[in-house]
Amino acid sequence: MPGTVSCIDGNTFVVSDGSGDIEASSAAPVGLFSADSRYLSRWVLTIDGERMTALSVDDSQYFEVAFFLVPGGRMDYVQADVSAIRRRRIGADMVETVTVFNYGESNLDLTVRLEVAADFADIFEIKFASDAKAGERYAHVTPDELRLGYRRATFQREVVLTASEPATFTPEHLDFPIRLDAGASWTVEVRAEMRAPRPDGVDLRAGLRALRPDASTLPDSVRAWVAAAPTLDTDSPVLRQVYQRSLVDLAALRFAPLSLGGATVPAAGLPWFMTLFGRDSLLTCLQALPFTPSLAPPTLRILASLQGARTDDVLEEDPGRILHELRYGESAAFEEQPHSPYYGTVDATPLFLVLLDEYERWSGDADLVRELEQEARAALDWLDHHADLTGAGYVSYERRNRSTGLDNQCWKDSWDSISYADGRLPGFPRSTCETQGYAYDAKIRAARLARAFWNDPALAERLENEAAALYERFNRDFWLADRGYYALALDHDGTPVDSLSSNIGHLLWSGIVPPERAGRVAELLMSPALFAGWGVRTLAEGQARYNPLGYHNGTVWPFDNSFIAWGLRRYGLTDEAGRIAEGIIQAADFFEGRLPEAFGGFDRRTTRYPVRYPTAGSPQAWSSGASLLLLRTMLGMEPHEDHLATTPALPPAFERITLLDIPGRWGKLDAFARRRPDPTSP
């Protein structure tokens with residue numbers, strides 16, 4: 001978010017202004033958060049009643065930030081005898097160290113104050129600008145601490161503030177009266193310990209504190225995470241920066257879901273999606289497999305443990321269905337939002353099968369495939385018995401939770417993302433094209449697992465026959481012969497929804513497109529209507545709902561483009577794949593190496609720089625993973641014994657890319673690509 005500074009450790013994070021202060025409103029995602037609750041909504045530093053202004057900010061490490069401050073707001077002339085540094089570190093809790101300096105010639109008596117408040121807003125209250133609380137807030141003050149809390153029936157949250165130096169605690173502030181000699185400094189450490197007590201008194205966050213008892217362990221954790229990834233050597237400084245930033249951001253987004261053990265999985269993204277998402281987590285793991293394969297097993301295991309087991313219309317749960325979203329806030333606890341967990345997605349279930357197979361191909365981890373056999377079979381049963389709502393043989397969706405469920409349950413899940421070319425919205429159930437590709441891919445891959453690991457050749461043969469039938473049916477019903485492209489979706493009555501969109505690119509990586517049509521798909525993806533120069537737009541220019549700043553109706557999504565490029569590479573369309581990789585990575589240079597959730601779909605010739613999408617999440621897990629999948633695509637890395645394709649998809653902007661020590665089932669491998677010489681050059 002422009003103008004803010006963040007510290008992140010998984011789904012615990014703090015967002016402040018540029019001086020480190022927090023002044024939250026009911027509609028702004030600013031404050032100290034954990035597990036979907038805001039624990040601090042006010043955190044303002046003053047010295048003798050004066051607010052502080054930052055001269056500089058060091059936020060080079062995601063888990064720590066330092067603000068270099070002077071009193072007052074004038075920046076045209078600074079000659080401050082008093083200055084301060086506030087260092088903030090996030091881990092299981094937030095620790096802030098304030099150091100005050102006196103560079104004057106006189107001794108000073110000062111009052112250092114931290115103004116505090118805790119509204120305990122649920123993340124959805126903030127997102128939807130609602131400040132109606134049904135419970136009660138309370139404050140307990142002792143000589144040694146301030147405890148702010150919120151209670152509603154059995155739901156309770158608390159933040160406990162303590163200090164390393166003597167303080168006067170009140171419900172609204174912490175005061176430190178200090179005597180500061182000339183040339184001296186004074187330091188205090190203030191800790192904000194966040195708690196989520198159960199009715200029996202057990203703190204749900206105690207497990208997180210046990211996993212990381214001291215935030216000082218974070219630097220070592222990050223170094224180990226980055227060191228375990230392959231080493232990149234390239235002539236492109238932009239690619240080096242993006243690669244490093246992606247690895248660090250993925251490290252930042254790892255978190256351990258409450259009450260699900262100590263395994264860490266990627267949270268989807270700051271600020272709204274700092275939790276487990278089925279689709280996002282699975283696709284992020286797919287993107288990162290050759291680089292950080294350790295993300296995949298805990299993600300698969302946790303999603304398997306939460307797999308649907310019953311029919312529930314509020315949660316949209318079915319037996320075998322993989323969840324969409326898991327939340328821990330107040331609105332989920334009281335089912336005001338159906339996220340405890342919520343299952344309203346049609347693509348997470350086939351993607352679960354896709355990742356399970358792809359992970360084994362890279363790692364050789366047959367034990368995990370055997371361990372999750374029953375969950376994989378349940379996912380296949382969901383595809384066969386619950387996903388086809390129209391009887392036409394396609395995975396389709398229609399929300400059963402009419403009050404708070406999602407209208408669209410594909411990856412483009414905003415309300416108006418699926419439309420006809422003339423702007424009309426189709427009816428329900430809807431069957432989007434890319435979901436059929438995922439289902440096809442899932443059955444092909446599950447057939448391999450059944451034959452190789454589950455000792456069930458009959459299941460393998462059945463799945464292959466079903467995949468072949470889906471292939472034929474899909475290419476008959478979704479292909480618009482008069483337009484020369486695949487429909488975005490089928491309406492409830494089987495009518496093709498004729499918008500031209502980026503979804504057709506996902507059909508390539510799933511393999512459901514006949515080879516003779518792949519070139520036409522690539523031609524459209526790279527046409528001026530869809531390709532903005534930086535990447536492929538979500539919706540083509542010329543469609544009625546096209547808007548270069550429409551969330552799913554014209555923006556460019558890095559994750560979307562990474563899978564499109566991977567699909568183009570699968571069909572041997574290396575030049576097109578390379579152009580997408582080049583555009584997305586060059587766009588990252590304008591975002592300081594961190595690809596956002598999305599950016600504007602304006603033509604590159606119009607703006608010469610990518611335009612920020614105003615509410616894009618950043619960091620975002622599958623945007624961080626995008627550069628990794630693009631790197632894999634440019635090198636042509638695939639999980640087979642030759643490992644590296646003979647024809648890399650390396651665009652002109654990159655002369656050399658080398659990856660060293662790639663983890664895989666065949667031991668440490670290296671991948672190298674150099675751009676082919678131009679045959680027309682002398």
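This is a predicted model: local features need pLDDT of at least 70, side-chain atom pairs count only at pLDDT 80 or more; totals for chains, interfaces and linings use all residues.
Trainee: Let me start with Ser 331. Where is Ser 331 found, and why is it called buried?

Mentor: Ser 331 is found in helix α7, residues 330–333. Its relative accessible area is 8%. Buried means under 20%, so Ser 331 with its 8% is buried.

Trainee: What makes the pair Ser 331 and Asp 122 a polar contact?

Mentor: The side chains of Ser 331 and Asp 122 are joined at 3.0 Å. The cut-off for a pair of N or O atoms is 3.5 Å, and 3.0 Å falls within it, so the pair counts as a polar contact.

Trainee: Which residues does Ser 331 touch, leaving out those up to four places away in sequence?

Mentor: Ser 331 touches Asp 122, Phe 124, Glu 336 and Gln 337.

Trainee: On to the other serine. Where is Ser 499, and how do you know that it is buried?

Mentor: Ser 499 sits in the loop between β25 (496–497) and α13 (503–510). Its relative accessible area is 0%. That is under 20%, so Ser 499 is buried.

Trainee: What does the side chain of Ser 499 reach at 2.6 Å, and which backbone nitrogen lies 3.2 Å from one of its polar atoms?

Mentor: The backbone oxygen of Ser 419 is reached at 2.6 Å, and the backbone nitrogen at 3.2 Å belongs to Ala 421.

Trainee: Now a helix. How do you know that the span of α16 is close to what is expected?

Mentor: Helix α16 covers residues 574–589, 16 residues in total. From its first C-alpha to its last it reaches 23 Å, close to the 22 Å expected at 1.5 Å a residue.

Trainee: Which residues of α16 are buried, and what do they pack against?

Mentor: Among the buried ones are Thr 574, Ala 577, Gly 578, Ile 580, Ala 581, Ile 584, Ile 585 and Ala 588. Glu 582 is also buried. The buried residues of α16 pack against α4 (237–253), α15 (558–570), α17 (604–607) and α18 (621–635).

Trainee: Helix α4 makes me think of the pockets. What is the volume of the largest pocket, and which elements each supply at least two residues of its lining?

Mentor: The largest pocket has a volume of about 790 Å³. β1 (5–9), β7 (50–61) and α4 each supply at least two lining residues. The lining has 27 residues, and Asp 59, Arg 245, Glu 592, Arg 594 and Ser 618 lie nearest the centre. By class, the lining divides into 15 nonpolar, 6 polar and 6 charged residues.

Trainee: How much space lies in the second largest pocket, and which residues are closest to its centre?

Mentor: About 650 Å³ lies in the second largest pocket. Of its 31 lining residues, Lys 127, Phe 273, Leu 406, Asp 413 and Ser 414 are the closest to the centre.

Notes
Residues are numbered from 1 along each chain as its sequence is written. Side-chain values use heavy atoms; hydrogens and water are left out. Helices (H or I, at least four residues) and strands (E, at least two) are DSSP runs, numbered from the N terminus. Buried means under 20% relative accessible area, exposed over 50%, partly exposed in between (1.4 Å probe, protein chains only). A polar contact is a pair of N or O atoms within 3.5 Å; within protein, one must be able to donate a hydrogen and the other to accept it, and residues adjacent in sequence count only if both atoms are side-chain atoms. Contact means heavy atoms within 4.5 Å. The expected span of a helix is 1.5 Å times one less than its number of residues. On a 1 Å grid over the protein atoms alone, a cavity is a set of points where a 1.4 Å probe fits but cannot get out, and a pocket is an open set with protein on both sides within 12 Å along at least five of seven lines; lining residues have an atom within 4 Å of a point. Grid points are joined across faces, edges and corners, and a volume is the space filled by probe spheres set on the points. Ala, Val, Leu, Ile, Met, Phe, Trp, Tyr, Cys and Pro count as nonpolar, Asp, Glu, Lys and Arg as charged, and the others, Gly among them, as polar.
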